[in-house]
Amino acid sequence: MNRYICQDCGYENYQWIGKCPGCGQWNTLIEERVEKKTNRTAGKKQAAQSLTSISHRDITRLSCGFDEVDRVLGGGIVPGSLILLGGDPGIGKSTLMLQIAGKIAREDQKVLYLSGEESLKQIRLRSMRLGIENEHILLLNEQNMELMAHYLQEHDPRFVIIDSIQTVYMEQIS
């Protein structure tokens, strides 16, 4: 599989385009060959449990800082859960996730924002526009799922954003 990386700002795309959406420069995207990783490990076999045997009393939720989002999530984010945010391109999914990261990070909670589409500079510019300045938000530009798992172990964040899972999925099947 090939990807194209802007030599000025680091923007990545899976097809060549003349003008970089990240910095607006022309003819700065250079092709890079990406090798597919095939090393997969199987998980442990688990025993099935009865629904009623699982305690619901110790389930806590983490507020994302937006009342309406917390309401849609049933009172906040359940630790260990996976939430898929979908919508049309340009509708504000990445902006919303960065705002949520900012609110969670204000509580001294580490947030790992893994970007598979936008460069770190693009995310930084958005954070400045939104007034989000927090050292607890860590940014990485990565599309490889195995490397993402390594970063998760290394940084041990409270909250993880993968933007976008579609980009990561395309990396894995190519």
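Student: Before we look at residues, what does buried mean here?
Tutor: Buried means under 20% relative accessible area, while exposed means over 50% and partly exposed covers what lies in between. Please keep in mind that this is a predicted model.

Student: Okay, so are R126 and E118 buried or exposed?
Tutor: R126 and E118 are both buried, and their side chains meet in a salt bridge with an N to O distance of 2.7 Å.

Student: How many salt bridges turn up in the whole structure?
Tutor: A search of the whole structure finds 5 salt bridges. One of the pairs is E32 with R3, whose closest N and O atoms are 2.9 Å apart.

Student: Where do E32 and R3 sit in the chain?
Tutor: E32 belongs to strand β3 and R3 to strand β1 (residues 2-6), so the pair, 29 residues apart, links distant parts of the chain. R3 counts as buried because its relative accessibility is 16%, whereas E32 is partly exposed, with a relative accessible area of 32%.

Student: And which residues are linked in a network with that pair?
Tutor: The network of salt bridges links R3, E12 and E32.

Student: What about R71, which residue does its side chain meet?
Tutor: The side chain of R71 meets that of E68 in a salt bridge, at 2.6 Å from N to O. Both residues lie in helix α1, 3 residues apart, which is about one turn of the helix. An α-helix has 3.6 residues a turn, so residues three or four places apart point the same way. As for accessibility, R71 counts as exposed at 57%, and E68 is partly exposed at 48%.

Student: Switching to α2, how far apart are its end C-alpha atoms?
Tutor: The end C-alpha atoms of α2 (residues 93-105) are 18 Å apart, which agrees with the 18 Å that its 13 residues should span at 1.5 Å a residue.

Student: Which residues of α2 are buried, and what do they pack against?
Tutor: The buried residues in α2 are S94, T95, M97, L98, I100, A101, G102, I104 and A105.

Student: Now the surface, which residues make the nonpolar patch?
Tutor: L84, M145, L152, V160, I162 and I165 make a nonpolar surface patch of about 490 Å². The elements that give two or more residues to this patch are α4 (145-155) and β6 (159-163).

Student: Is L152 in there buried or partly exposed?
Tutor: L152, which is found in helix α4, is partly exposed, with a relative accessible area of 31%.

Student: Where is D156, and what is its phi?
Tutor: D156 lies in the loop between α4 and β6, and its phi is near 45°, again a positive value in a residue other than glycine. At 60% relative accessibility, D156 counts as exposed.

Notes. Residues are numbered from 1 along each chain as its sequence is written. This is a predicted model: local features need pLDDT of at least 70, side-chain atom pairs count only at pLDDT 80 or more; totals for chains, interfaces and linings use all residues. Side-chain values use heavy atoms; hydrogens and water are left out. Patches are made of residues with over 30% relative accessible area and no salt bridge: like charges are joined within 9 Å, nonpolar side chains (Val, Leu, Ile, Met, Phe, Trp, Tyr) within 5 Å. Accessible areas come from the Shrake-Rupley method with a 1.4 Å probe; for residues, only the protein chains shown count as cover. A salt bridge is a side-chain nitrogen of Lys or Arg within 4 Å of a carboxyl oxygen of Asp or Glu. Helices (H or I, at least four residues) and strands (E, at least two) are DSSP runs, numbered from the N terminus. Buried means under 20% relative accessible area, exposed over 50%, partly exposed in between (1.4 Å probe, protein chains only). The expected span of a helix is 1.5 Å times one less than its number of residues.
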